[in-house]
Structure formats: C-alpha cells, structure tokens
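Hi everyone, thanks for having me. Let me put the structure up on the screen, and then I'll walk you through a few parts of it.

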Amino acid sequence: MRAEAKLGLALLLTPLLMWLSLLIFIPHVDVFLVSLRERVGVGQYQISFANYLTFFQEPLYLWTFLRTAVMSSLATVMTLIIAFPVSYYIAKMIKGRAQSALFLLCLVPFWVSELVRTFGWMILLRETGVISNVLQYLGLVDGPVEMLYNDGAIMIGLVYTSMLFMVVPLVTTLESLPDEVIEAGYDLGGNGISVLREIIVPHAMPGIVSGCIVVFMLSLGNYLTPTMLGGKESLWFTELIYSQFIVRFNWELGAAFGFMLLILSSAIVWGMLKLTGQSLEKTMG
Amino acid sequence: MTADLECIDLEKRFGDTTAVDRVSFSVPQGSFFSILGPSGCGKTTIMRMIAGFLDPSDGDILIKGKSVLDVAPNKRPVNMVFQHLALFPMMNIADNIGYGLRRAGMGKAEISRKVDEALDRIGLPGIGARKVDELSGGQKQRVAIARCMVLEPDVLLLDEPLGALDLKLRERMKVELKALQSAFDTTFVYITHDQSEALVMSDNIAVMNEGRFEQVGTARDLYYRPDTAFVAGFVGDSNRWRGRVTKLDGQNLELQSDTGMPLRGAIQGRTLNLGDVADVFVRPEAIKIAHAKDDLSHFDNQLSGKVTSLLFNGAASRVIVATDTGHGEVEVNLPQSGEFADLVKGSDVHIGWGSDHGNCFAAEAS
C-alpha cells in the first residue's frame with residue numbers, strides 16, 4: 001500500500017519535475033555556464049568573469065540596464081494607478097451581469113496576439129495615423145504629428161499590455177473585502193481618502209503586490225513592445241540580449257546579460273516585498 | 001424632552017416596490033428600541049437610511065431634534081454595529097477601537113487612554129495588541145460595540161449582530177447587550193428577525209411587516225395584546241383557527257371554525273360583524289389541561305381529546321391534542337408541576353381556556 005502510494009506520488013510529480021528541470025533548471029544552468037566562458041582562440045574557451053566585466057565597463061549596457069529597470073517600474077506604477085479604480089469599479093460598484101461583462105471587456109484584447117495589439121497602437125500613433133489625422137482635422141495642429149518611436153509610446157504599449165495582469169489579482173482581492181467593512185469605515189467617521197488608505201489599500205495589498213510583481217516582470221522581459229514602439233534612442237535591455245545572441249552571435253555576452261536581467265528582476269521583487277512587508281506566500285497563496 | 005431619534009413618515013421606494021411605507025416612530029433618550037420583522041420586511045432599509053447609506057424617498061429623520069438628511073454618514077452622530085460586525089481585519093483591536101477617534105483628529109495619548117477605558121468597560125482589558133481573528137465570536141461582538149461607543153454617538157444602530165453566533169452564546173449576549181446598553185446609557189436601535197432577542201432586550205418594539213409598522217409597544221403589549229393578526233401570529237406561538245362569526249355579545253363572540261369547531265373569543269375593541277370571517281389566536285400556555293372535565297368548568301372553551309404527540313422540550317414541553325369531535329388539533333403547554341408526567345400518546349385529556357385569551361381578528365383576504 002505504501003509502496004503503491006509512493007509510486008503514485010512519483011508518477012504525479014514526474015511531469016512537473018520534468019517541466020521544471022528540462023525547461024527551467026537545465027537551460028538556466030547552461031546559460032550560466034555559457035556566461036562564464038571567455039573565448040581565447042578559435043574554438044578555445046576558458047572560465048572567467050570577462051563577460052560580466054564587459055557589462056560593467058560599457059556605459060551603454062549599464063545605461064540601458066538602468067533605463068529598463070526604471071521604465072519598467074514606472075510602467076508598473078502607472079498600470080497600478082490606472083488599474084486600481086477600474087478594478088474597484090468592477091469589484092465593488094457594479095453587480096451581476098454588468099460585472100462579468102466589464103471583466104470580459106478587460107480580457108478581450110488578449111484574444112489577439114500581442115503583435116496585432118502593438119500594430120494597433122502603431123496605427124493610432126504614427127504620423128499618418130488616426131490620432132494625428134483627427135488632430136489635424138480639428139485644426140488643433142498644423143501638420144502631421146509623430147507620436148511613435150519614443151519612450152512615451154513604449155510606456156503606453158507596456159501599460160496596455162500589462163493591464164489585465166494587474167486587474168485580475170486586484171479584482172479578486174477587492175471582491176473579498178465585504179461591503180460592510182467599507183461602510184463601517186465611513187460610518188465611524190472616515191472620508192473617502194482615509195477609508196482608501198486605512199482599509200481598502202491594506203486589504204488589497206496582497207493583490208497589489210502580486211499584480212505589481214507580474215507586471216514588472218512582464219515589462220522588464222518584454223521584447224516586442226519596446227522594439228516596435230520605441231525609437232533609436234529607446235533601447236530596451238532585452239534588445240541588447242537579442243542582438244548579442246542573434247546579430248553578434250556572441251552567446252557568451254548574451255548569456256551574461258540574461259543573467260544580469262534575472263538578478264535585477266529578482267532583486268527588485270525582493271526589495272518590493274521587503275518594502276511592503278509582504279511575503280511571497282501571502283501574495284501568491 | 002426631545003427624542004434622540006425620530007422618524008417622520010419615512011418612505012423608501014426602489015422602482016415600483018415600496019420597501020418602507022410611511023413609517024413614523026420616536027425613540028426616547030437612553031432606551032432600547034427594536035424593530036422586529038421577517039426578512040425582507042424593510043427593517044434593514046430603515047436602518048441604512050438612519051445611518052445615511054440610503055436616502056429616503058420621502059419623510060424626515062431627526063436626531064436630537066435636528067434633521068440629518070443633509071448630513072453625510074461619516075458626519076452623523078449615529079454609529080452602526082454591522083451584521084457581520086465588520087471589524088477591520090487589517091488592524092489590531094486597539095486600532096479598530098481607535099479608528100473613529102483617529103478620524104476625529106484626537107491626540108495619540110488621548111486615543112490610547114480612551115481605548116483602554118473602552119476595553120475595560122467591555123470586560124476585555126489588555127487585548128488591544130491582539131489581531132481580530134484571534135478573538136472569539138462574543139469578544140468580537142463586544143469590540144464592535146466598543147468601537148462605536150468610544151465615539152459617544154447619540155444613537156447606536158445594531159443590525160442583527162447576534163445572527164452569526166451560536167445559540168448558547170446568543171443567549172448570553174442578549175443579557176450582556178442589555179447590560180452594556182444601560183452601562184453606556186445610550187439609545188440603542190436594534191433590528192432583528194428573532195423575536196426572543198427583541199422581547200428580552202427592548203424597552204419598546206416595533207413589529208414590521210411589508211414595509212409598515214404593524215404595532216409599536218412594549219414586549220408585554222405585543223405578546224398579550226397584539227393589535228393585528230400579523231403581530232399575534234409573529235410574536236410567540238399560537239394556535240390559529242379561521243372561522244365565521246356566529247354570535248356577538250359585547251366584547252365576546254362565538255364563531256364556528258372552518259372545521260366545525262365552536263370557539264369563543266374576544267375582540268378587544270376591534271370591529272367584527274356577524275358572518276365575518278375571523279382568525280382566532282390562542283397561545284398554547286393559555287390553554288389549561290386537566291384529567292377531569294370538572295376542573296375546567298370555569299372556562300368557556302372546553303374540549304376533550306386524545307394526545308397525539310408529546311413534544312418534550314424541558315420547560316417548554318407541549319402536547320398536541322386531537323379533539324374527539326375530529327375538528328382539529330390543539331397545541332397545549334404542559335404545566336411544570338409534574339402532574340402530567342405520566343401522559344402518553346393516546347391518553348384522554350380535557351383542555352380549556354377563557355374566551356379573553358382568544359384574540360380575534362378580521363381575516364385578511366387571502
């Protein structure tokens with residue numbers, strides 16, 4: 001009986017373990033090993049930290065690295081600010097069919113591929129695009145306006161892409177807050193701001209943090225949006241990794257970049273959890 | 001003396017339905033007022049209008065003589081204990097109780113002094129640092145009341161706060177709530193669908209049905225002198241028969257029940273005419289049970305029958321008696337003297353009651 005149970009457990013765990021080891025653990029170990037290789041001759045390698053040294057010595061790399069981190073954080077904050085009222089409205093202000101309908105509306109854009117969605121933004125924002133034409137038609141501007149290929153366009157793209165991943169955890173946590181508790185907050189003398197600060201936000205904290213982690217990771221690792229919407233000056237760290245691997249065929253440096261990105265995102269997520277006093281179990285569980 | 005709380009022709013309509021229909025009442029300072037009614041009768045709507053979460057469609061609400069219709073819920077001198085208490089789970093007990101004081105802008109030292117005082121008052125000193133979910137149901141209850149009472153409201157509203165507790169605790173909290181109310185000397189307005197909660201605690205009770213107040217009075221009034229058939233049926237248990245009036249004699253009347261049983265009852269000042277369809281309500285404890293017919297000779301309602309069921313429930317034990325004439329069944333309380341301890345199913349008994357215990361009401365068309 002015990003042996004059978006053990007076999008059952010092993011069989012059940014096998015797909016998970018295979019997935020974890022084959023697709024996550026082994027590739028990462030391999031990438032890490034690659035990142036530690038330095039090419040000293042044709043087909044000759046030695047172990048060194050040269051790739052990481054290159055990363056720290058080249059200002060463009062460091063600058064892009066920081067830029068990516070700051071802009072991803074900014075995109076996360078903006079997503080939160082936009083998604084919170086939306087989620088609150090869906091979770092608390094409306095009931096029944098309208099609630100499901102609105103929730104579905106948030107989901108609809110995700111039925112088409114990210115590529116198509118990003119092209120949608122290009123149609124809107126480009127020089128000959130919808131917004132530019134409308135502005136000209138209304139007489140607000142004299143000539144065509146280019147709104148594409150800058151950091152603002154990247155921001156719009158990132159926030160738009162990430163919205164759902166913020167709305168879902170927020171709606172879930174906000175729905176679990178009884179209306180009574182909010183009413184009690186008002187009844188005992190609180191106004192809108194203090195009820196939000198002392199009751200709603202503390203209650204929604206696990207949802208806020210888990211939404212922020214997901215959105216931040218998605219923005220940091222996003223390749224398509226910054227590449228398509230950003231201009232020449234708007235470099236994204238994933239673009240550097242791509243160019244090392246594919247354009248320069250320098251797998252060693254690309255692997256080192258990849259590892260730096262992993263360390264960066266882990267460090268920022270850890271810092272955010274510490275700052276808000278949340279734990280990973282609490283936010284994900 | 002102005003009343004602490006006064007509602008004048010209060011009305012609330014939701015679309016075509018009228019949830020609260022021209023309700024007026026006033027609650028004197030320091031008294032315990034209950035609104036008793038079945039679920040969906042509109043009592044929660046009244047409470048939410050007083051607290052300010054709903055605007056009345058018509059009428060006025062006065063607190064200490066001043067209309068509060070234009071006052072936002074967070075500015076009203078009224079606080080509410082919610083059905084599920086609504087303690088703030090993200091705060092500890094002291095912060096929960098101090099929340100209202102912080103909002104009022106009181107100093108830290110003053111707040112902590114007041115919080116300690118309130119915790120002493122509810123008999124839970126030193127629990128300030130605990131989390132909400134570490135408390136038992138009864139303790140949460142008391143914290144929820146303390147959280148409101150530190151603000152010294154003119155009126156405390158309680159929305160079925162005992163509903164979530166188990167029976168034993170509920171019985172204890174009834175006594176405790178009443179004690180807290182006299183300790184704080186604040187006006188309590190309590191809504192419930194549980195008649196025993198209302199009867200035990202209240203100075204005055206309003207029985208509400210379908211948006212209207214059927215009767216406002218003391219527990220005793222409601223129990224012994226119900227004004228309407230609804231009150232008679234809702235408050236306490238009753239035997240209820242429907243019949244046609246066959247004879248009128250001042251305040252007393254005779255009627256023939258639909259099953260053919262002759263009954264005598266009293267109209268207590270209500271108008272009923274010969275041939276009207278009427279309902280008679282007789283409380284099980286008003287009916288006397290006897291082994292010999294002679295013991296009941298002074299009652300003008302007398303029946304003989306057989307016991308069909310024994311419902312043992314301690315002090316509230318009852319028997320159901322089927323009349324020999326086959327006209328129906330009567331629920332009768334057993335006296336506690338032990339005289340009827342040998343009663344078994346099928347025993348022959350005699351029952352009787354005075355006509356003044358038979359409250360008659362004109363039957364509502366149904």
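So, how many residues of chain A are in contact with chain B, and how many of chain B with chain A? Keep in mind that this is a predicted model. In it, 15 residues of chain A touch 18 residues of chain B. On chain A's side, the elements that give two or more residues are α8 (179–187) and α9 (192–220). The largest share, six residues, comes from α8(A).

Okay, over to chain B and a sheet. Here we have an open sheet of five strands, in the order β15-β19-β16-β17-β18, with antiparallel pairing. Why do β15 (288–290) and β18 (329–333) of chain B each have one side without a neighbour in the sheet? Because they stand at the edges, each with a single partner strand. On average, neighbouring strands of this sheet are turned by 45° against each other, direction ignored. In general, strands of a sheet pair through backbone hydrogen bonds. If you zoom in on β17(B), residues 318–323, you'll find that it pairs with β18(B) in the antiparallel sense over five bridges. Ala322(B), for instance, has Glu329(B) in β18(B) as its bridge partner.

Last stop: helix α2 of chain B, residues 93–103. Its buried residues include Ile93(B), Ile97(B), Tyr99(B) and Leu101(B). And what do the buried residues of α2(B) pack against? That would be α3 (108–121) and α4 (137–149) of chain B. Just after α2(B), look for Gly105(B), which takes a positive phi of about 80°.

Notes
Residues are numbered from 1 along each chain as its sequence is written. Chains are lettered from A and ligands numbered from 1 in the order in which they are written. This is a predicted model: local features need pLDDT of at least 70, side-chain atom pairs count only at pLDDT 80 or more; totals for chains, interfaces and linings use all residues. Two residues are in contact if their C-beta atoms, placed from the backbone, lie within 7 Å. Helices (H or I, at least four residues) and strands (E, at least two) are DSSP runs, numbered from the N terminus. Two strands pair if DSSP finds at least two bridges between them. Axes are lines fitted to C-alpha atoms, for helices over the stretch in contact, and angles run from 0 to 180 degrees between N-to-C directions. A residue is buried if 20 or more other C-beta atoms lie within 10 Å of its own, exposed if 12 or fewer, and partly exposed in between; C-beta atoms are placed from the backbone.
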